[in-house]
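Have a go at each task before reading its solution.

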Amino acid sequence: MIEVTDLIYDYPAARAVHGISFSVRPGAVLAMVGPNGAGKTTLLRCMAALDTPTSGRIRIAGLDTQEDPRGVHALLGYLPDFFGLYDELSVRRSLIYAARSRGVPAARAGAAAEAAARRVDLHDRLETRAGELSRGLRQRLAIACTLVHGPRVLLLDEPASGLDPEARRALSDLVTSLSGEGITLVVSSHILAELEDYSTDMLMIRDGRISGGGVVSAGLAAETAHAHFVIAHPRPDLRETVARLGVTVEQATDLTATVAIPGGPDQEAAVLAQLIGAGLPVRSFAPARRTLEQTYLEEAGRSPATPSKGAAA
Amino acid sequence: MNPELQRNLWLEASPRRAAWAAVAVAGVYAAVYLAADGSEPGELGRALGAVGAFIFFASALVWGVRLAGQSVASEIGERTWDFQRLSALDPWSMTWGKLFGATALAWAVGLAGLVVSVLAYAFLAGPGPALLFAVAAVALAVLLQASGFAAALIGVRKARAEGRLNTLRSAAGGVFSILFVLFAIAVASAMSRFFFVGGVTDFTPLQDAQPVRFWRASVDPNLFTTLSLVAFAGWALVAAWRLMRLELQKQNGPLYWTAFLLFAAFWTAGQANPDFDVARVNGAELDPTALARWGAAAAVFLAGVYAAAFAEPADRVRLRRFANPASGWTVQVPAVAPALALTVVAFLGVIVSVLGLPAAAVDDEDFGRLQIVLFAAAALAFVLRDLAVIAFFRFGPRPKRGDFGAVLALVLLYGLGALITSNLGDAVALALPSPEAPLISLVSALVQAALIGALALRRLRGPEGSVTAA
């Protein structure tokens, strides 16, 4: 759905993005992570065809951002980190304007506005002025404005910044819901916890370069999950017993062990059955998938970015 | 309805604001009527007409121009501009929706003044002049508002390329560029007519005056002024539309800019008509019509060169693509290029015109044809030097100060250079294009252009290798 090839972006006095290449599959929720100033916003703006890169190509659903920027604009929604709303307009008028300006016919604009408001749970505030909404509700309205024309790709730049826990949970639910509808999302953030719930892939950016191994699984797919179990009575041969079952033991004592379980929930159930079948008195079995932070730190450790003196926007 | 127009009407011309504006206008007229109560009908008409004209001036030409300029700057300040740039509106819809939407209330109030003014004018002078006055007034308002809007867009582009947030101050560069072009055209026009027709007073609109000689035609001055305003208002709208295209990530070719320069040169050169019989200089007959027209055109093109050099953002990516057309990117011709090419053509026209004059008229003891040709070449070389200076400063590590640095450098090079060399005879030709020593001027300007151009090219390479990002 998204292909970025050898992208370079220069500011007048400095290079912000150094030859980045990656691709995002359709329906993915890509967490674009990295420290402040890593170049995430610059990259997102280039992907939204708002800024022109120095060199390199970006294709969104097959459209080149420089050859057909208006085509790209039509099929994506972009929420910048510092977004604005027309404070004097009501929620309804804000959404109708968003719909009309994004090409929704006048006859359908009202319905599209109401549908978008419902999606973000603002349908009971349609007549409220945007300026009277709380930070979290403004965020929802801004997202609704980006969704109102039915984009196939959504780019969100630090969407949870400044939100309270409840609003973050609502945002997380919304992103999960949108992902379920087949929308490809790229979410930029430097706060990993907020991405944990919904991202399927991760791309780490540092100093304008890709750090780690490019786009990697964020851990939700659980290709390599773990399980920690405790048995009721000490078994000095616990490691050997488990290993004989064909399960990879990562660490073990007489009472506890941590095993690697690739394959997800079904495989976890199968391993548990194997342990019990082998006569182990399992009293606790806790699958634990990799967190995004673990993935981030592992990838950061695998291939650190070239040290730099500054940071990119 | 155009969604952008509708949004602006929701925000700018709400029923409450419109009602307050109507009350204010009605109050002004009522006060004038009461003050002039008992006067002759003619005096009352003149008073109401003058007040109406003032209301139009204050609303459409001052308030409206300010609103038009702010219509984009405020979007950036409120961080809604990116959303608008992503919209599905085509550039023309966005342009007119924003231009006339943001100024809707100013237009309503202004037209309330203009209608009264035009009716009073029709009562006093007849319907024909009143109609011309109405058209001229509306065209002038559109010209100024669209120019303010275009200037703001120039400021936005420059600010983005320089890596800073746009502010109202950012639009200043665009305002100056557009004012510079308009001023240069007006001056070139007035000068042409001053020298060859007999006075700039002819240019005063809507007064009894001598007919304007435009090329070989004789045109009523009021009609000429009105048609000129309409034409330039149209070009201002074209400028706003073309700049909006760039904001919406579309690419512009050089066609419209070139066409505008040609039109402005045509308009200016058409007024450069000798108003006297063929003169005699050094005993030879002299008809300077062609020289005057080429000179007027050259002045317009030169203004276009400098305006383009400052108005376009310092975008090294675009310049690299222009320099490397084989890269596969769509080539975007810098606006300086066609203006410079036309300037060269106009200078050649001046030279050919001079060469076409009788020998006795131009070849005297101190000043010959060769000197005229060398002088023209030196003037062009100084233009190249100036472009190199502008590029050097604007592509520097602090692009925010590039415009100021370039202007300061040019002032110093010309002003200080002339001051230092003024007492050194022909040495002044090192700093200025000198008709007395054109060869020295030519060599000096070429050397300066080469040196400063080389430095500018180094800066154009950009920040590759730098690991420090903005």
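The exercises below concern a predicted model.

**Exercise 1. Find out how many helices and strands chain B has, and what share of its residues is buried.**

Solution. Start with the secondary structure: chain B contains 17 helices and 4 strands. Next, turn to burial: of the 470 residues in chain B, 46% are buried. Finally, look at the contacts between residues at least 6 apart in the sequence of chain B: 72% of them join residues at least 24 apart.

**Exercise 2. Compare the end-to-end reach of helices α9 and α16 of chain B with the expected values.**

Solution. Take α9(B) to begin with. This helix covers residues 221-247, which is 27 residues, and its first and last C-alpha atoms are 39 Å apart, close to the expected 39 Å. After α9(B) comes Gln249(B), with a positive phi near 70°. Now take α16(B), residues 402-421: its 20 residues reach 27 Å, close to the 28 Å expected at 1.5 Å a residue. Within α16(B), the buried residues include Gly402(B), Asp403(B) and Ala406(B).

**Exercise 3. Describe how α1 and α5 of chain B pack.**

Solution. Begin with the axes: those of α1(B) (residues 3-12) and α5(B) (residues 91-102) come within 8 Å and cross at roughly 20°. Angles under 35 degrees count as roughly parallel, so α1(B) is roughly parallel to α5(B). The handedness of this crossing is right-handed. Last, find the residues in contact: among them are Leu5(B) and Leu9(B) from α1(B), and Met94(B) and Phe100(B) from α5(B).

**Exercise 4. Locate the largest nonpolar core and a second, separate one.**

Solution. The largest core holds 122 residues, and Ala146(B), Ala240(B) and Phe301(B) have the most contacts inside it. Its largest share, 23 residues, comes from α7(B), residues 127-161. Follow Phe301(B) next: leaving aside residues up to four places away in sequence, Phe301(B) touches Leu261(B), Ala265(B), Ala339(B), Leu342(B), Thr343(B) and Ala346(B). The second core has 81 residues, including Leu147(A), Leu154(A), Val175(A) and Val186(A).

**Exercise 5. Are Ala49(A) and Asp207(A) buried or exposed?**

Solution. Although not a glycine, Ala49(A) has a positive phi of about 60°. Ala49(A) counts as buried because 26 C-beta neighbours lie inside 10 Å. Asp207(A) lies in the loop between β9 (201-206) and β10 (209-217) of chain A, and its phi is positive, near 55°. Asp207(A) has 26 C-beta neighbours inside 10 Å, so it too counts as buried.

Note on methods
Residues are numbered from 1 along each chain as its sequence is written. Chains are lettered from A and ligands numbered from 1 in the order in which they are written. This is a predicted model: local features need pLDDT of at least 70, side-chain atom pairs count only at pLDDT 80 or more; totals for chains, interfaces and linings use all residues. Helices (H or I, at least four residues) and strands (E, at least two) are DSSP runs, numbered from the N terminus. The expected span of a helix is 1.5 Å times one less than its number of residues. A residue is buried if 20 or more other C-beta atoms lie within 10 Å of its own, exposed if 12 or fewer, and partly exposed in between; C-beta atoms are placed from the backbone. A nonpolar core is a set of buried Ala, Val, Leu, Ile, Met, Phe, Trp, Tyr and Cys residues joined through C-beta atoms within 7 Å. Two residues are in contact if their C-beta atoms, placed from the backbone, lie within 7 Å. Axes are lines fitted to C-alpha atoms, for helices over the stretch in contact, and angles run from 0 to 180 degrees between N-to-C directions. Angles under 35 degrees count as roughly parallel, over 145 as roughly antiparallel, 65 to 115 as roughly perpendicular and the rest as oblique. A crossing is left-handed if the near helix is turned anticlockwise from the far one by less than a right angle, and right-handed if clockwise.
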